[in-house]
Amino acid sequence: MKNLLKQMSMKEKIGQLLQIPPFFFVKDLKIEVAGPVEELHLDEEKIFFAGSALGIGSAEEMIEVQRKYLEKSRHKIPLIFMADIIHGYKTIFPVPIAMASSFNPEIAYQCARISAKEASTSGIHVSFSPMADLSRDPRWGRVVEGFGEDPTLISSMVEQMVKGYIGDGIEKEGNIASCVKHFAGYGASEAGRDYNTVDISKISLYSQYLPAYRKALEAGSRMVMTSFNTLDGVPCTVNSFLLRDVLRNNWKSNAVTISDYDSLKQILAHGIAEDMKEVAYKGITGGLDIEMASSAYSNHLESLIDEGIVDERLLDEAVLRILELKRDLGLFDNPYKGASPEMAKTIVLSESNLQAARKAAHESMILLKNDGVLPLDSQAKIALLGPYSTSRRVVGPWSWHGRRDVHDTLEEVLNDNIIYVNCEEDPKKYTKEDIDRIKEADIVVLAIGEDEHLSGEAHSRSKIRIPGKQEQMFEMIHSLGMKSITLLFNGRPLILDQIQQSNALLECWFLGSESSSAIKDILFGTVNPSGKLPISFPRNEGQIPVYYNHLNTGRPYLGPNDYNEYVSKYLDIENTPMYAFGYGLSYSTFNYSDLNLSTNRMTETESITVSVTVKNDSNVEGDEISQLYIRDYVARVSRPVKELKHFQKNHFKEFQSKVIEFTITLDDLKYYLGTGDLVFDKGRFQVMVGTSSDSYLSDDFELI
Ligand code: BGC
């Protein structure tokens, strides 16, 4: 690739740093892209020097674009086609926050594997996924695209997702490369408002926010997308601390960096560049390789280099990384790699892909409450109410290739049991005849929540109650004295106080292509729910951010028997969330006993085996996700009251008991300082093992 680089003109090299939508090359094609493309001031020559394309609709379109492009390319350097394949290409899996609820990284692997196989039939080479952004703020709409609030869980999910995309190597057909995003700290947007300022301490950055991006890179992500926000006042897109100190020097990563959509140009609005020439200067010196959907490099980098303001070596380094990625993707051998309308017919939306999506959906649901009404009897007569009874808008945001006509609605799958359906949410719209029919049912199933377009990018909400008149509709049903099951469709934690009186609450999130059939399986007990919350559900918006791995504070509130007035608490609400991280019920009853540590004194080179007995005290077989948390009582800096270190999912037959084992090593006791150093301190630790972050057995040990 170095030889090729030497043969390229300055303009050709700069072109490699430009990413534009594919219709620029074939103006007659109308290919979908995310967001408006503003005036880029690009002439035909500059367009045909561009190195990559954003989004593509089908194999035919890709082949046409690549062919036209290569006809004009002096060195025959192919375009890379990149796209957002977030939770499936056409076979849509549950949204990422739902997948995280499975606590089963294998689901993330399967989702990415099937996405790669399906997407590559359209000639897509790179997916802008996974999103490794940690968030503690459910007001932020992009919570739906992430894996929750915990660095260990997020890291496990993104690691497998990356591996799933890559398969047995990005050079092979059917595999694609991953671009982890949004580097870094995007999930901490102040007040949950998208694109807003981020102001986090270095210690938080290193210990909470950065580990998952790093894990994705270690797993093989070849690209990193920068985030829209600032960090320490510098937009991440040009932030040399992130892109040079952390990524290159500290993590030794050679990944290609790419801006988010138009985010290089946005440094003008951030107020850190006077004009587009300064934008280009800050980008290339900051460490940004590819500029997505703006044109500072194409229009200004050449003069910056000619004038001696920018060293050409910075350009060469960036271009070499991009050429190497093209080589490693096998594009020099076959620029049309993967693109095949024939393959698409057999691979895309195949029966086995849909089965995998259905299994993922089963594991992604969380039973939040059940007073015994679930599972339903196979003969149960159901009154099905609420907007999501008949809606197909339940696959979730970022399913731009997902086809809605392949999904059955809830009404369709529950057809044999339904005696009445109504999707109105306004209780005033129910007539006396409606009420009489509802009363004939054994139970009311309410399918309520937020529309899939109320979460996702640029879809923040300040109030996160169930919108519209759905709570009133629930009240109306409750006042009839009917038993009810509430199915929740949503892309973020919601405030659920008003619907607590429902006899059962099932968090469905957005479950993708197989949503309705999977929900039916859970309702009738063909499948036993096993998901756990990957993010805390607040009691009200005023508690936000509420998360399980908080610090203790100097005046911790010790509970109802704590009569000290001057402690860290609210006057009007408890400190605890409505539902804690790691919480989720099952149709089985799991009991924990006999927590045992192989030793209570561990040296730096030893490990501790932690064992616990888990018993399924019911006649229903099911899966339980057991979680191990650690607290470091005394360290150089204040440490969280607990941190998830390990989790495992086990299957239990009726009344089966198992001894579950975890291993604690020194790595589990290490933590980051604000300097980025990973350290540990000898002394006392607490180990907690249980069914959620607020229900566990515990013991202490010492690191000597
Ligand atoms: C989003 C990214 C996405 C990109 C390209 C941006 O608006 O923030 O997550 O990958 O568009 O579609």
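The following questions and answers go through selected local features of a predicted model.

User: How are residues numbered, and which pLDDT limits apply in this predicted model?
Analyst: Residues are numbered from 1 along each chain as its sequence is written, and side-chain values use heavy atoms, with hydrogens and water left out. In this predicted model, totals for chains, interfaces and linings use all residues, while side-chain atom pairs count only at pLDDT 80 or more and local features need pLDDT of at least 70.

User: On how wide an arc around the axis of α9 do its buried residues lie?
Analyst: Helix α9 spans residues 240–250; helices are DSSP runs of H or I with at least four residues, strands are runs of E with at least two, and both are numbered from the N terminus. Leu242, Leu243, Val246, Leu247 and Arg248 are buried in α9, where buried means under 20% relative accessible area, exposed over 50% and partly exposed in between (1.4 Å probe, protein chains only). These residues sit on the same side of α9, because the arc they cover, taken from the directions from the helix axis to the C-beta atoms, is only 165°.

User: Which residue has a side-chain oxygen within 3.1 Å of the backbone nitrogen of phenylalanine 241?
Analyst: The contact is at the start of α9. Past the other end, α9 is followed by lysine 252, with a positive phi near 55°. The residue whose side-chain oxygen reaches the backbone nitrogen of phenylalanine 241 is asparagine 239.

User: What is the orientation of α6 relative to α7?
Analyst: Helix α6 (residues 105–120) packs on helix α7 (residues 151–166) with the axes 7 Å apart and at an angle of about 30°; axes are lines fitted to C-alpha atoms, for helices over the stretch in contact, and angles run from 0 to 180 degrees between N-to-C directions. Angles under 35 degrees count as roughly parallel, over 145 as roughly antiparallel, 65 to 115 as roughly perpendicular and the rest as oblique. The angle of about 30° therefore makes α6 and α7 roughly parallel.

User: What is the orientation of α8 relative to α9?
Analyst: Helix α8 covers residues 202–219, and its axis lies 13 Å from that of α9. The two pack at an angle of about 60°. That angle makes the arrangement of α8 to α9 oblique.

User: Which side chain makes a polar contact with the side chain of histidine 182?
Analyst: Histidine 182 is in strand β5 (residues 177–183) and counts as buried because its relative accessibility is 1%. A polar contact is a pair of N or O atoms within 3.5 Å; within protein, one must be able to donate a hydrogen and the other to accept it, and residues adjacent in sequence count only if both atoms are side-chain atoms. At 2.7 Å, the partner is the side chain of aspartate 133.

User: What is omega for the peptide bond from serine 129 to proline 130?
Analyst: Proline 130 lies in the loop between β4 (126–127) and α7. The bond from serine 129 to proline 130 is cis, with omega near 5°.

User: What is phi of tyrosine 195?
Analyst: Tyrosine 195 lies in the loop between β5 and α8. Its relative accessibility of 36% is why tyrosine 195 counts as partly exposed. Tyrosine 195 is a residue other than glycine with a positive phi, near 70°.
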